[in-house]
There are 2 protein chains.
Amino acid sequence: MRTSILQLLRENQNEFLSGEWLSSQLGCSRTAVWKHIQTLLDRGYEIEAVRNKGYRLKVFSDAFIEDAVIGQIRAVWPDAAVEFYSSASSTQTLAHRLLETNTAERGIVIADEQTNGKGRLGRSFSSQKGEGIWVSIVMRPNIPVHQMPQLTLVTATAVCKAVREQTGIELTIKWPNDLLLNGKKCCGILTEVQSDPDQVKSMIVGIGLNVNNNDFPEWLFDKATSLSMETGERFDRLQLLAALIYSMETMFSLYEEKGFSVIKPIWEASAESPGANIRARTRERVYEGINRGIDDDGVLLIEKENGEIERLLSADIEKIPDKS
Amino acid sequence: MRTSILQLLRENQNEFLSGEWLSSQLGCSRTAVWKHIQTLLDRGYEIEAVRNKGYRLKVFSDAFIEDAVIGQIRAVWPDAAVEFYSSASSTQTLAHRLLETNTAERGIVIADEQTNGKGRLGRSFSSQKGEGIWVSIVMRPNIPVHQMPQLTLVTATAVCKAVREQTGIELTIKWPNDLLLNGKKCCGILTEVQSDPDQVKSMIVGIGLNVNNNDFPEWLFDKATSLSMETGERFDRLQLLAALIYSMETMFSLYEEKGFSVIKPIWEASAESPGANIRARTRERVYEGINRGIDDDGVLLIEKENGEIERLLSADIEKIPDKS
């Protein structure tokens, strides 16, 4: 109920909504509306109450207040296991714990701030309070183990779609797990999988999307950016969150039903254009050659100087500057 | 120290060991030896102490008392994370928790009894107190994801080797995860994997080996057996445990270094003889045909009536009785 009132106030940000109208919309008494408004005030929302006019959200707010966040999630996933933290060490670590204790088909851990955010290969991930979407999503895709490398690619297409639809911004995908804006990292994806020897049981995919950040630690300055820094606009994180979850749900449904062949062209439409000279570092060695995009399994193809094609499941890639 | 005294008493089960000899072996005072013996008595060991002769273990004991179990494990894996329970719900569930909180290369959870033992596909596994080895082992094999189906097969060869070397008994492997004795199930293996999208991070392999069981619940009577029921002998579970861990270590070292091609002939030497008519149930459907063994990846090959070969990553298989 409180979530529904908040939703209506947010959807009609510039208007006053009367207590009478709200009570009729929600099928409750005006006194009940008044009580819920008091609770929202207590929780930090700035709501104006004017006699004979009604209630209005005073300032634009995408604040991650528990009710609002959970409301956005429940609108897409009514049955998901949800955990919200205003500050957490790492949503990914907490999602592992959630998975151990909860058998729901969908799970989500979200934090307004991560003090110890995790990236790939044990790297850290910067996640400032109130500026981005730091979330770990639990899903249970029904696929055999050899398709695992595709899970990160499907997630990347889902994030690009959500950002495009909510903001009009086109992110590009740097294989396998970074999303760029004007060549700088705007979003990172961390995929972890729990599996039987033949079949995937569940995945925890961490998504860190820089939304309204205006600044980064100095050592990230020429590498990282946010939606806001490249456009000068601020974006509604709550709406982005709902779009992201909806996009994950629809993209993974499509993937499970039709396979990677239908995701591949969507992925390619957002991928950094192939044909560039790249350097790829795996755990074992370094490869150089021309980026030939991905094959039908999602494996990266690199054409080496001798014309041989190297197939990589995972690597850190970077463009090699032209020598001319 | 207490563990070393116990080890010496066990190794010299029929002799009295003098306090003087023990103290010289262990580099401690005779008083210290005496104190440790008192502690062992308190913990349930039946130790005879005779003036002028020394100490002797009164009865053969493979009791899973914490010191003895941990001593056996530490002899092979000095640095492993070890948890022992005289009774636990499921070692596999506890091993998941161990893995979340511990980064040791090797981990092991062992129980003298499981009240809610887990099998494949959420099935239950019967594990009576004091009769078998119920253990979940954490290892971190460095392999790409497509090799995952091999992990159960490598484990099966390791268990067969340990049982053969300790008892002379030849178990046979029923692909993928059961070990049989005279056609009845004597050991079950449950493999679960934690993975990055390209690379295995860790595995938890549960092993339930029926050792000295004399009886089973009625519904298991024609399906299950133990080493003891087929031979009339009792076996030392503590020695079997050490052999099992040593065999896991050496077999996985070989596998990581040389690949599955060197494990395959070892596996085939213990496998149920191919050529039989079998029925294989997967999650999706049922196949019938001739068991053609495994290929170089560890995938089961079934020759169907039309001569086509079906490749299965996982299934429940059973022999089809001859129609003649």
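In the predicted model described here, the unreviewed UniProt entry annotates residues 19–38 of chain A as a "DNA-binding region". The buried residues of helix H1 (residues 2–11) of chain B are Ile5(B), Leu6(B), Leu8(B), Leu9(B) and Arg10(B).

In chain A, Arg56(A) is placed in strand S2 (residues 54–57), and with a relative accessible area of 24% Arg56(A) is partly exposed. Although Arg56(A) and Arg10(A) are separated by 46 residues in sequence, their C-alpha atoms are 8.6 Å apart in space. Beyond its neighbours within four places in sequence, Arg56(A) is in contact with Leu9(A), Gln13(A), Asn14(A), Glu15(A) and Phe16(A), and also with Glu46(A), Ile47(A) and Glu48(A).

The UniProt annotation "binding site", again from an unreviewed entry, covers two residues, Gln114(A) and Lys185(A). Gln114(A) is found in the loop that runs between strand S4 (107–111) and strand S5 (132–139) of chain A, and because its relative accessibility is 11%, Gln114(A) counts as buried. When residues up to four places away in sequence are set aside, Gln114(A) touches Ala88(A), Ser89(A), Ser90(A) and Thr91(A), as well as Ser127(A) and Trp134(A). With Thr91(A) there is a further detail, in that a polar atom of the Gln114(A) side chain lies 2.9 Å from the backbone nitrogen of Thr91(A). Lys185(A), by contrast, is located in strand S8 (residues 184–195) of chain A, and because its relative accessibility is 29%, Lys185(A) counts as partly exposed. The residues that Lys185(A) touches, other than those up to four places away in sequence, are Phe125(A), Asp178(A), Leu179(A), Leu180(A), Asn210(A), Lys223(A), Ala224(A) and Thr225(A). With Asp178(A), the side chain of Lys185(A) makes a side-chain polar contact of 3.2 Å.

Over all chains the count of aromatic pairs comes to 4. Phe125(A) and Trp134(A) form one such pair, which is edge-to-face, with 6.2 Å from centre to centre and 70 degrees between the planes, and both residues are buried. In chain B, the pair of Phe125(B) and Trp134(B) is likewise edge-to-face, because the ring centres are 6.2 Å apart and the planes stand at 70 degrees; Phe125(B) and Trp134(B) are both buried. Rings also take part in arrangements with charged side chains, since the charged end of Arg237(A) sits over the ring of Phe64(A), 4.0 Å from its centre. In chain B, Arg237(B) lies over the face of Phe64(B), at 3.9 Å from the ring centre.

As for the relation between the chains, chain A can be laid on chain B with an RMSD of 0.0 Å by a turn of 180 degrees and a shift of 0.0 Å along the axis. The two copies are therefore related as by a two-fold rotation axis. Of the interface residues of chain A, 95% are also interface residues in chain B, so the copies meet through the same surface.

In helix H5 (residues 91–101) of chain B, the buried residues are Thr91(B), Gln92(B), Leu94(B), Ala95(B), His96(B), Leu98(B) and Leu99(B). Their cover includes helix H5 (91–101) of chain A, along with strands S3 (81–85), S4 (107–111), S5 (132–139), S8 (184–195) and S9 (200–210) of chain B. The N-terminal end of H5(B) is capped by Ser90(B), a side-chain oxygen of which lies 3.2 Å from the backbone nitrogen of Gln92(B). In strand S8 of chain A, Thr191(A) counts as buried at 4% relative accessibility. Apart from its neighbours within four places in sequence, Thr191(A) is in contact with Leu151(A), Thr152(A), Ile204(A) and Val205(A), and with Ser195(B), Asp196(B) and Pro197(B) from chain B. A polar contact of 2.7 Å joins the side chain of Thr191(A) to that of Thr152(A).

Note on methods
Residues numbered from 1 in each chain as written. Chains lettered and ligands numbered in written order. Predicted model: local features only at pLDDT ≥ 70, side-chain atom pairs only at ≥ 80, totals over all residues. Heavy atoms only, no water. UniProt positions renumbered as here; feature names shortened; annotations may be inferred. Helix = DSSP H or I, 4+ residues; strand = E, 2+ residues; numbered from the N terminus. Buried < 20%, exposed > 50% of the residue type's maximum accessible area, 1.4 Å probe, protein only. Contact = heavy atoms within 4.5 Å. Polar contact = N/O pair within 3.5 Å; in protein donor to acceptor, adjacent residues only side chain to side chain. Phe/Tyr/Trp six-rings, centres within 6.5 Å; stacked < 30°, edge-to-face > 60°. Lys NZ or Arg CZ within 6 Å of the ring centre and 35° of its normal. Least-squares fit on C-alpha atoms with pLDDT ≥ 70 in both.
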